[in-house]
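The sequence and structure come first, and the notes follow.

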Amino acid sequence: MRFGSTYNEQTIYRKYGGHVRNRGLVGLIMFALVLAAGIFWYENRTQEVSQTNDNFIKWVDFNASKEAMKKACLMDIESYEAEKHLDWITLLAYAAVRGGGEFGSRSASYIDEIAAKLTNGETTEEELREKYQYFPYYYEAYSAVLGGMVGEYEIRDESGACQKKYGLKAFSPIAAGFSYQDYDDFGVGRDFGYKRQHLGHDMMGLIGTPIIAVESGYVEALGWNRYGGWRIGIRSFDKKRYYYYAHLRQNRPYAEGLKEGDYVTAGDVIGYMGHTGYSDKENVNNIKTVHLHVGLQLIFDESQKDGNNEIWVDFYQLAGFLSGHRCEVERDNLTKEWDRKYDMKDPVVPDKF
């Protein structure tokens, strides 16, 4: 493992952090006072934010299909050294505009259509922005979702040499060689603690299945949460995405040495599947089914980080898209830890090799 470099640009915000303590009467009084102060601060802060800078996206429905993402991504990669490099996010944003935000049977033809026009010089991205009212919105929204997934990187091969590549540098959260099952469960009701919607994606598998960092970033949260059990929160380096991995294994949930503030590279083993959570007491298996809960939150403004303004997107189609790119891992028989088989250097991660 190559953990240890720490994100020092700011104090790391501990999302859903801390331990839940038993509350007696004094605790309830203190909680009420803190809550009242928090509401007062939040209302005033929200007023200040809205008065100074309220020009950011408030909601995103990410409906791009895995088939559309595969097609656009392949066009991007294949045209990387061509005279006209096709940006896959531009292709997807155009398909979204033409489909009214939905992806169906005609999405592939929309992608082919705009790819041909861009390649032949019949239009430009600037002209798309001027012609289609919602193109800038879809481009910004989809850039927030997919911005860190395609680009240049280096991979260390079996001989130890580094090869420079361009392509998909994000991975499925489930390591290669480990089976899982999933379905689109985004928005399904949950009632532990309070009634709410399921704002993530569940991937069912076996206890101890290695969990992979989808994208490079820094560990913003790590520890126990009454809903998610042992969980990890990783923020992308551009701060647009927050990946939430929950219900990790009892007793040994995390990759050895992983701690808050550490840099991780896409493809690193960060933890192990389990069924912890739904308990104020730490290290308890109260989740019936062994699975990984993976959530993806978008953050266009820090005021959206926590509270009623959070934006969580459906990860199901992304999981399907990334299922074709799973990181190979190998086990250390002495430590019983899993690690990636081939190390990778992502330019956004400092001091990897």
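How many of the six residues of strand 10 (residues 241-246) are buried? Six of the six are buried, so strand 10 is largely enclosed by the rest of the structure; buried means under 20% relative accessible area, exposed over 50%, and partly exposed in between, with a 1.4 Å probe and protein chains only. This is a predicted model, in which local features need pLDDT of at least 70 and side-chain atom pairs count only at pLDDT 80 or more, while totals for chains, interfaces and linings use all residues. Residues are numbered from 1 along each chain as its sequence is written, and side-chain values use heavy atoms, with hydrogens and water left out.

- Strands (E, at least two residues) and helices (H or I, at least four) are DSSP runs numbered from the N terminus, and two strands pair if DSSP finds at least two bridges between them.
- In a regular strand the side chains alternate between the two faces of the sheet.
- On one side of strand 10, Arg-241, Tyr-243 and Tyr-245 are buried, and on the other Tyr-242, Tyr-244 and Ala-246 are buried, so that both faces are covered.
- Strand 9 (residues 229-236) runs antiparallel to strand 10 and is joined to it by four bridges, with Arg-235 opposite Tyr-242.
- Strand 13 (residues 291-298) pairs with strand 10 over six bridges in the antiparallel sense; His-293 in strand 13 is the bridge partner of Ala-246.

- Three strands form an open sheet in the order 2-1-17, with antiparallel pairing.
- Strand 2 (162-168) and strand 17 (344-345) are at the edges with a single partner strand each, so one side of each lacks a neighbour in the sheet.
- Strand 1 (residues 150-156) and strand 2 are joined by seven bridges, and Gly-151 has Gly-167 of strand 2 as its bridge partner.

**Gln-304**

- Gln-304 lies in the loop between strand 13 and strand 14 (311-313) and is buried at 2% relative accessibility.
- Its side chain reaches the backbone oxygen of Ile-57 at 2.7 Å.
- Beyond neighbours within four places in sequence, Gln-304 is in contact (heavy atoms within 4.5 Å) with residues including Phe-56, Lys-58, Gln-297 and Asn-309.

**Cysteines**

- The structure has zero disulfides, a disulfide being a pair of cysteine sulfur atoms within 2.5 Å.
- Cys-73 is buried at 5% relative accessible area, whereas Cys-162 is partly exposed at 35%.

Conventions
A polar contact is a pair of N or O atoms within 3.5 Å; within protein, one must be able to donate a hydrogen and the other to accept it, and residues adjacent in sequence count only if both atoms are side-chain atoms.
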